[in-house]
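Please read them alongside the coordinates.

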Amino acid sequence: MVTLLDVVERALTGKPCLEREYDLRVFSSKLREVVREYDIKYDPDRPVPSDDSLADDVFNAAFDFYCEVGTYCTDTGRIIKFDENEVKERLKMAPSKLLFGEGADARTLVPRKPEGKTPPWCFIGAGGAPVSCEEIFLKLVESYASIPLANSITTPALTSISGIRIRPGTPLEILGTIRNIVLAREALRRAGRPGLPIMNALATATTSVALNTALHPEYGLRKTDGYLTGVIAELKTNFDLLNKVCALQSLGYGGGVCAENGPLLGGYCGGPEGTAVTTVAGHFMGILVYQAGWHLPFPVHINYASNSTPELLWATSVFAQAISRNTHLLSLHLNYTAAGPCTEMCLYEIAAQRLAAVSSGVSIESVGVGKAKHEDYLTPIEPMFAAEVAHTTTGMKREDANEIVKILLPKYVDKVADPPQGLKYQECYDIRTGKPSKKGLEVYAKVKKELKELGLEFNISQEDAG
């Protein structure tokens with residue numbers, strides 16, 4: 001079985017290749033070849049396709065593709081390759097369930113199937129979006145944890161500590177990362193859910209030094225939390241990322257390692273067909289290069305930095321069906337909206353994204369509001385809404401999800417290139433009480449009513465969440 005030591009050795013001794021040559025002559029060339037060979041075609045009339053043979057073709061194309069192109073290590077300029085038997089073995093040995101959280105808040109993450117009745121895991125919160133101060137951080141995380149359907153939370157990224165702007169690669173990043181976890185644990189205690197797992201540990205940590213320092217148990221991280229390790233677009237890694245994996249595996253945190261993979265539609269992936277194949281291939285890279293226990297794919301548009309366009313809804317649906325039909329891998333789709341918080345457009349985007357992913361057989365992380373780009377532009381309403389739509393979609397036929405998505409798309413798709421930025425947290429929430437404004441609730445109630453009229457039943461209880 002492939003070990004992390006094998007991965008590092010291949011990063012040092014694999015076939016040398018210039019990065020641009022890998023991008024153009026290895027990655028892009030082979031990707032176009034397998035898309036043609038398997039006759040994979042995007043259908044704009046079916047943003048949520050229900051063709052099982054299409055999903056299986058995408059899976060097989062991705063398998064052939066990854067065995068051919070491998071993973072590129074940017075630090076050594078070499079290709080890390082795996083043969084078919086190694087990929088098949090890791091697929092077989094990958095965990096089919098993982099326990100996250102502690103005590104009354106512990107839950108088991110399990111795989112799902114297209115149209116399956118297994119409720120989706122709801123990993124909800126900030127999507128790594130930035131916040132300006134500790135007070136807002138605390139209120140947001142406490143609110144996320146208070147959402148009954150939350151199985152785990154994603155924390156915001158602190159941009160300052162004690163009023164000083166955090167700079168990556170400096171002691172400020174280390175101090176900010178430690179502060180991130182201390183504040184998050186305090187917020188979970190305030191919400192009465194101290195055992196709830198934090199599965200993006202840690203949003204403030206961009207380097208392995210910061211993450212590895214914060215792993216000291218005194219600060220509050222646990223082996224039942226989750227740890228994101230990014231795949232560099234496309235199918236690339238470096239030693240800083242592998243250093244994170246090495247530390248986590250050595251300290252016994254290995255099951256919580258997540259491969260976070262964001263292929264770019266419109267880049268070297270080409271269109272939605274290549275993006276779907278690359279997203280599936282990212283799962284293979286995750287289990288081999290990062291020895292990951294779970295996966296967080298988020299294919300995004302290269303220009304819009306969001307994934308609610310029809311092409312990306314299709315790519316999301318297809319990759320999800322390819323993985324859920326052909327493996328037992330634990331996969332959660334992360335959605336990024338173009339519009340900001342407290343806007344109808346944002347909620348329309350979320351609804352379409354959650355309908356596509358959940359009906360196609362994966363769980364969710366929600367939500368990167370407004371591209372998770374603007375400081376303080378996030379509220380608890382959007383992840384709460386995403387979790388409600390996700391649970392309501394459980395068991396839905398893909399054909400039915402497709403019809404609803406086709407109704408939702410005209411409500412926002414023409415605005416994706418120039419979306420409304422929405423309101424800052426402090427503009428639509430009371431920082432002192434953590435209560436939403438009338439405007440935020442009105443937008444939420446309006447869109448929810450529209451979805452009810454389209455057939456979604458929002459009768460979800462705390463027991464359903466468990």
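1. Lysine 371 sits in the loop that runs between β19 and α12 (381-393). The model is a predicted one, and in it this lysine has a positive phi of about 70° although it is not a glycine. Most residues other than glycine have a negative phi.

2. Is glutamine 291 buried or exposed? Its relative accessibility is 14%, so it counts as buried.

3. One joins alanine 233 and glutamate 234, with omega about -10°; glutamate 234 is in the loop between β12 (227-231) and β13 (236-237). Another joins serine 366 and valine 367, with omega about 10°. Valine 367 is part of strand β19, residues 363-368. Most peptide bonds are trans.

4. Strand β16 covers residues 294-297, and both of its faces are covered. Trp294 and Leu296 are buried on one side, His295 and Pro297 on the other. In a regular strand the side chains alternate between the two faces of the sheet. The pairing of β16 with strand β14 (residues 257-261) is parallel and runs over 4 bridges.

5. Which residues touch the most other members of the largest nonpolar core? They are Val277, Tyr290 and Trp294, in a core of 146 residues. Trp294 is also one of the buried residues of β16. Leaving aside neighbours within four places in sequence, tyrosine 290 has contacts that include Thr229, Gly230, Val231, Leu241, Leu242, Val245, Val257, Ala259 and Met285. Lys236, Thr237 and Gln249 are also among its contacts. A second, separate core has 9 residues, including Ile147, Leu149, Val358 and Ala390.

6. Helix α13 spans residues 398-408, and its buried residues are Arg398, Ala401, Asn402, Ile404, Val405 and Leu408. An α-helix has 3.6 residues a turn, so residues three or four places apart point the same way. The elements covering the buried residues of α13 include α3 (52-69), α10 (310-326), α11 (344-359) and α15 (438-453).

7. How many cavities of 30 Å³ or more are there? The count comes to 4. The largest cavity holds about 80 Å³ of space. It is lined by 14 residues, of which Pro111, Arg112, Leu329, Ser331 and Gly361 are the closest to its centre. By class, the lining of the largest cavity divides into 8 nonpolar, 5 polar and 1 charged.

8. Cysteine 246 is placed in helix α8, residues 239-250. Its relative accessible area is 38%, so it is partly exposed: the buried class lies under 20% and the exposed class over 50%. From cysteine 246 to arginine 165 the C-alpha to C-alpha distance is 29 Å, and the two are 81 residues apart in sequence.

Note on methods
Residues are numbered from 1 along each chain as its sequence is written. Side-chain values use heavy atoms; hydrogens and water are left out. Buried means under 20% relative accessible area, exposed over 50%, partly exposed in between (1.4 Å probe, protein chains only). Helices (H or I, at least four residues) and strands (E, at least two) are DSSP runs, numbered from the N terminus. Two strands pair if DSSP finds at least two bridges between them. Contact means heavy atoms within 4.5 Å. On a 1 Å grid over the protein atoms alone, a cavity is a set of points where a 1.4 Å probe fits but cannot get out, and a pocket is an open set with protein on both sides within 12 Å along at least five of seven lines; lining residues have an atom within 4 Å of a point. Grid points are joined across faces, edges and corners, and a volume is the space filled by probe spheres set on the points. Ala, Val, Leu, Ile, Met, Phe, Trp, Tyr, Cys and Pro count as nonpolar, Asp, Glu, Lys and Arg as charged, and the others, Gly among them, as polar. A nonpolar core is a set of buried Ala, Val, Leu, Ile, Met, Phe, Trp, Tyr and Cys residues joined through side-chain atoms within 4.5 Å.
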